[in-house]
Amino acid sequence: MRGLLAVLKLLTPPGWAVVVLVAGLAAHDARRRSETVLLANLGIPEWHLALIAALPPAVMETLIGLFT
Amino acid sequence: MSDASVLAADSIGKSFGRRTVLTAASLWARSGRITALLGRNGCGKTTLLRIAAGWLRPDYGLVVFHGRRFLRARLATLARLGLFYLPERSLLHTTRTVRQHLAALARSFPGAPVDEAVAMFHLADLLDRKPPTLSGGERRRAELALALARRPDCLLADEPFRDLAPHDRELVAGSLRGMAARGTAIVATGHEVVELLDVSDEVLWMTAGTTHPLGGPADARANFAFMQEYLGATILREAWRVQS
């Protein structure tokens, strides 16, 4: 655990962005919502949905607006 | 697995933690036919449907759609190939109107018969309303209109009759028959046994983590184990009473 914390302390902002993105993608299955079911039914690619699911609701709302 | 299947989910297994939901469940959707997937609450109907739709990853098993085999199917991919998945809970986005939903579908799939779907489900007065202002039945009708307008090759409908008044159930049953008549392969779940058995061509009974094809609705009604374990003794007595 200490080793992991030490590594996280060394991360630069782009590194943090990667960590957040990976965590968001990993959480994708658990965070699937009705909005993303709708978009998937429209054929929107999976990685778009993963990004949407990883984003805060306000940002996601804007993106949903772009698609619908 | 039948060669005539538009979609097949074969030998699917799925566990959530220590709880095994599916052991070797299979599902077929055949062109122009309606399959009713029936089983008790919590038996795994929704899980199997989600896996077949590419919305949930199985532990093992295979999904085949239009002859293409997927070890890990994805809904967006299957949707582009002609699948529509109607989930158990709301499909609609809360801040968009019914009209915007239909417009999005028409943009993604040009030529979608949106006007026909609006007329079929009597949505003209609801087009500018957002889902939170609709009743459960109105929402379900709007969701089914999306499915109808998509004109999918295969429709996986999780509880299509949920929240619907008897008159609207007839409407939905008629639209499902209409879609099947155009060649759509349909799998529908739910506990509205009367409607589902009336509308279906085949019955798939799900119990103990697996599926049992029972044949047509008449065969299902004659299957004592299905009657006893799923429909229950009260319904069974009622059926005997009506027959006598």
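Biologist: In which sense do strands β1 and β4 of chain B pair, and over how many bridges?

Modeller: This is a predicted model. In it, β1(B) covers residues 5-16 and β4(B) covers residues 60-65. Within these ranges, G13(B) stands opposite Y60(B). The pairing sense is antiparallel, and the number of bridges is five.

Biologist: Which residue in the turn between β4(B) and β5(B) has a positive phi?

Modeller: β5(B), residues 68-70, pairs with β4(B) in the antiparallel sense over three bridges, with V63(B) opposite F70(B). The two strands form a hairpin with two residues between them. In that turn, a positive phi of about 50° belongs to H66(B).

Biologist: Which element gives the largest share of the side of chain B that touches chain A?

Modeller: The contact takes 21 residues from chain B and 16 residues from chain A. On the chain B side, α2 (75-81), β6 (83-86) and α3 (98-108) each supply at least two residues. The largest share is five residues, and it comes from α3(B).

Biologist: What is the radius of gyration of chain B, and why does chain B count as compact as a globular protein of its length?

Modeller: Chain B has nine helices and 10 strands. For its 244 residues the globule rule gives 18 Å, and the chain comes close to that, so it is as compact as a globular protein of that length. Its C-alpha trace spans about 50 × 45 × 35 Å along the principal axes. The radius of gyration is 18 Å.

Definitions and conventions: Residues are numbered from 1 along each chain as its sequence is written. Chains are lettered from A and ligands numbered from 1 in the order in which they are written. This is a predicted model: local features need pLDDT of at least 70, side-chain atom pairs count only at pLDDT 80 or more; totals for chains, interfaces and linings use all residues. Two strands pair if DSSP finds at least two bridges between them. Helices (H or I, at least four residues) and strands (E, at least two) are DSSP runs, numbered from the N terminus. Two residues are in contact if their C-beta atoms, placed from the backbone, lie within 7 Å. The radius of gyration is taken over C-alpha atoms; the globule rule is 2.2 Å times the number of residues to the power 0.38.
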